[in-house]
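Please look at the sequence and the structure, then read the points by topic.

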Amino acid sequence: MDLIYTTPQMVDVGVLQKYQFDLAFGTDENNFECTITDSDHCCDTGYYLHIDDTEYGGIIDGIESDSERQEVIYSGRTWHGILNSKIIEPDSGEAYLTVNGEANAVIGTLIDRMGLGELFTIAQLPSEIQIDNYKMNRYIGGYDGIKKMLATVNGKLKMEYQEGKVMLYAERLVDYSKDDEFDSDQIDFVIEKNFKPINHIICLGKGELKSRTVIHLYADESGNISHTQSLFGMDERTATFDNSNAESEEELEKGGIERLQAAWSEGKLQLDLDATTSYDIGDIVGAKELVTGTAMQKPIAKKIVTIEK
């Protein structure tokens, strides 16, 4: 893979000959480090690194020189991190930003709102994914907001560097767990599962004492959320969700639902996947540990990538 460096104007300058390119993106970090020998130092802050036709790349925000190791380290934000450096805001006087339409067109509108059209472009072909009256979270990072929006319609965000632009487009996520569940005889992995997650959330909103807004949300044994309790006694696990700044009961309840959903998705599945298969953030993988019989299906939340040449 050629790791190309460009000027701040996205003009290709050259190809790094010897490097280690480490990226992490998804739920957090969304940054990279690129290590080269000091004799190969060629970039400055504001330069971009990219690998054509992949999502691997970003902007150099900092440069570190290690005289003992005779190395230079470029660090910065991946394309995902650049997106998340912008905030999606509601219009003035509005509580929420509501979006509608074909997914790629909606993503294009959001990119324009964030002022990132100089770097990002949108695929011309329609995605065949429809966004219907989706309320964006208030003041959410651009990457997180687009991911959450697409997840509600079983979609994922794809990006590829092409001809001086990062092309964005939506695709249906892939559930690999349906056809290809990994087991502990095939590959090594770490699996951790909570069999008794929180199933009762008390949402606390505006007001004081007896005047405070209180909403109870419950999950049943399958994780379905409603206002009706089905688990009692030792099976009930309760927590509070405090948001005294919620502008409405709807906003308070939405936050409580997200907190309860997060509790049910807690657990860890960490595995090294074959790089020849294009696993994306949002795709679902499954694994079963044969000693304990523990099985889990999880969406890919984070990717850590190392490329060496």
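**A loop residue and its contacts**

Setting aside neighbours within four places in sequence, Ile-129 is in contact (heavy atoms within 4.5 Å) with Gly-101, Glu-102, Ala-103, Val-153, Gly-155, Ala-170, Glu-171 and Arg-172. This is a predicted model, in which local features need pLDDT of at least 70 and side-chain atom pairs count only at pLDDT 80 or more, while totals for chains, interfaces and linings use all residues. Residues are numbered from 1 along each chain as its sequence is written, and side-chain values use heavy atoms, with hydrogens and water left out.

**More on Ile-129**

- Ile-129 lies in the loop between E10 and E11; helices (H or I, at least four residues) and strands (E, at least two) are DSSP runs, numbered from the N terminus.
- Ile-129 counts as buried because its relative accessibility is 1%; buried means under 20% relative accessible area, exposed over 50%, and partly exposed in between (1.4 Å probe, protein chains only).
- The C-alpha atoms of Ile-129 and Glu-171 are 7.6 Å from each other, with the two residues 42 apart along the chain.

**Positive phi outside glycine**

- Glu-128 is not a glycine, yet has a positive phi of about 65°.
- Glu-128 is in the loop that joins strand E10 (120–122) and strand E11 (130–135), and is exposed at a relative accessible area of 72%.
- Glu-163, also not a glycine, has a positive phi of about 50°.
- Glu-163 is in the loop between strand E13 (155–162) and strand E14 (165–172), and is exposed at a relative accessible area of 82%.

**Nonpolar cores**

- A nonpolar core is a set of buried Ala, Val, Leu, Ile, Met, Phe, Trp, Tyr and Cys residues joined through side-chain atoms within 4.5 Å.
- The largest nonpolar core has 59 residues, of which Phe-21 and Met-149 touch the most other members.
- Helix H2 (residues 103–114) gives the most to this core, six residues.
- Another core, of 12 residues, lies apart from it and includes Ala-219, Phe-241, Leu-260 and Ala-263.
- Beyond neighbours within four places in sequence, the contacts of Met-149 are Val-99, Val-106, Ile-107, Leu-110, Ile-131, Tyr-134 and Met-136.

**Aromatic rings**

- The whole structure holds five aromatic pairs; rings of Phe, Tyr and Trp (its six-membered ring) pair if their centres lie within 6.5 Å, and planes under 30 degrees apart count as stacked, over 60 as edge-to-face and the rest as tilted.
- Tyr-48, Trp-79 and Tyr-161 are linked into a cluster by ring pairs.
- The charged end of Lys-254 sits over the ring of Tyr-134, 5.8 Å from its centre; the criterion is NZ of Lys or CZ of Arg within 6 Å of the ring centre and within 35 degrees of the ring normal.
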